[in-house]
Amino acid sequence: VSSSTQVRDAVLELFQRVFPDAAFDALWIAFHDFERLFAGSYPDYLGCDTVYHDRQHSLDITLAMARLVAGYELSTDDPLGAERAVLGIIAALFHDAGYIRRRDETRWQNGAQFTRWHVSRSADFLRDYLPTLRLGDMSMLATQLVHFTGYELNVDEIELDEPRDTTVGHLLGTADLLAQMADRCYLEKCRDRLYAEFVISGVAFGE
């Protein structure tokens, strides 16, 4: 799951079976832009420098999200539909984009310093990014969905008019937790990587 290409192909294969008549051009572009963003070749961004919230972490969550969405679609009488499924995958890909520094953020030394408000930064990224995929009508929804992966907003405080949108949010939050804890190296990563980010951000020491 450290390969964007392999995760993309796995997600597309799964979605094509569940949504055989849907177009997935936006997903192709999103995976391409995801790789550029984390590698530091996306305009105005420096690339990922956090050791826990890295490329593999986001790909883990994205693959888990695709499997949860597919499973949900195949087991419910109230399906989400291809459009919501695609939005959920894009939200998973970029749910931690807020850790990545912009080129003009020179006073910050490491993306981990954004830990306390990285989800809001991810929401800002999605709001600006989705119109480039011609999904601008879903950009405000995406800014809400991504908060299901964080702690800046209480999940009970995220109010969405459409119950299926709320379901996408819950699936996204579940994918974030499930994929991390299912990693056979989870404990070691918490000790050697996540704690290091908490030290940089000041979270490890409290207020």
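The legends below all describe a predicted model.

**Figure 1. Helix H2 beside helix H3 in the predicted model.** Helix H2, made of residues 25–39, and helix H3, made of residues 55–73, have axes that come within 11 Å and cross at roughly 155°. Since a crossing angle over 145 degrees is the cut-off, H2 and H3 are therefore roughly antiparallel to each other, and their crossing is right-handed. On the H2 side the contact is formed by Phe-31, Phe-34, Glu-35, Phe-38 and Ala-39, which meet Arg-55, Ser-58, Leu-59 and Thr-62 on the H3 side. Sorted by class, this contact of H2 with H3 holds 5 nonpolar, 2 polar and 2 charged residues.

**Figure 2. Helix H3 beside helix H4.** Helix H4 covers residues 82–93, and its axis and that of H3 come within 8 Å while crossing at roughly 160°. That angle makes H3 roughly antiparallel to H4, and H3 passes H4 in a right-handed crossing. From H3, the residues Ser-58, Leu-59, Ile-61, Thr-62, Met-65, Ala-66 and Val-69 take part, and they meet Ala-85, Gly-88, Ile-89, Ala-92 and Leu-93 of H4. The contact of H3 with H4 divides into 9 nonpolar and 3 polar residues, with no charged residue in it.

**Figure 3. Helix H3 beside helix H7.** Helix H7 runs over residues 163–182, and the axes of H3 and H7 come within 8 Å and cross at roughly 130°. H3 and H7 are therefore oblique to each other, and the crossing of this pair is right-handed. In H3, the residues that take part are His-57, Asp-60, Ile-61, Ala-64, Met-65, Leu-68, Val-69 and Tyr-72. Their partners in H7 are Thr-167, Val-168, Leu-171, Leu-172, Thr-174, Ala-175, Asp-176, Ala-179 and Gln-180. Of the residues in this contact of H3 with H7, 11 are nonpolar, 4 are polar and 2 are charged.

**Figure 4. Thr-50 in the loop between H2 and H3.** Thr-50 lies in the loop that comes between helix H2 and helix H3, and it counts as buried because its relative accessibility is 5%. The side chain of Thr-50 reaches the backbone oxygen of His-53 at a distance of 2.7 Å. When residues up to four places away in sequence are not counted, Thr-50 touches Tyr-99, Asn-110, Gly-111, Ala-112 and Glu-197.

**Figure 5. Asp-124 in helix H5.** Asp-124 is found in helix H5, which is made of residues 118–129, and with a relative accessibility of 35% Asp-124 counts as partly exposed. The side chain of Asp-124 is joined to the side chain of Arg-127 by a polar contact of 3.2 Å. Along the chain Asp-124 and Gly-111 are 13 residues apart, and their C-alpha atoms are separated by 15 Å.

**Figure 6. Asp-128 in helix H5.** Asp-128 also has its place in helix H5, where its side chain makes a polar contact of 3.2 Å with the side chain of Arg-127. Asp-128 and Ser-139 are 11 residues apart in sequence, and from C-alpha to C-alpha they are 7.5 Å apart in space.

Definitions and conventions. Residues numbered from 1 in each chain as written. Predicted model: local features only at pLDDT ≥ 70, side-chain atom pairs only at ≥ 80, totals over all residues. Heavy atoms only, no water. Axes fitted to C-alpha atoms, helices over the stretch in contact; angles between N-to-C directions. Helix = DSSP H or I, 4+ residues; strand = E, 2+ residues; numbered from the N terminus. Parallel < 35°, antiparallel > 145°, perpendicular 65-115°, else oblique. Left-handed = near helix turned anticlockwise from the far one by under 90°. Contact = heavy atoms within 4.5 Å. Nonpolar A, V, L, I, M, F, W, Y, C, P; charged D, E, K, R; others polar. Buried < 20%, exposed > 50% of the residue type's maximum accessible area, 1.4 Å probe, protein only. Polar contact = N/O pair within 3.5 Å; in protein donor to acceptor, adjacent residues only side chain to side chain.
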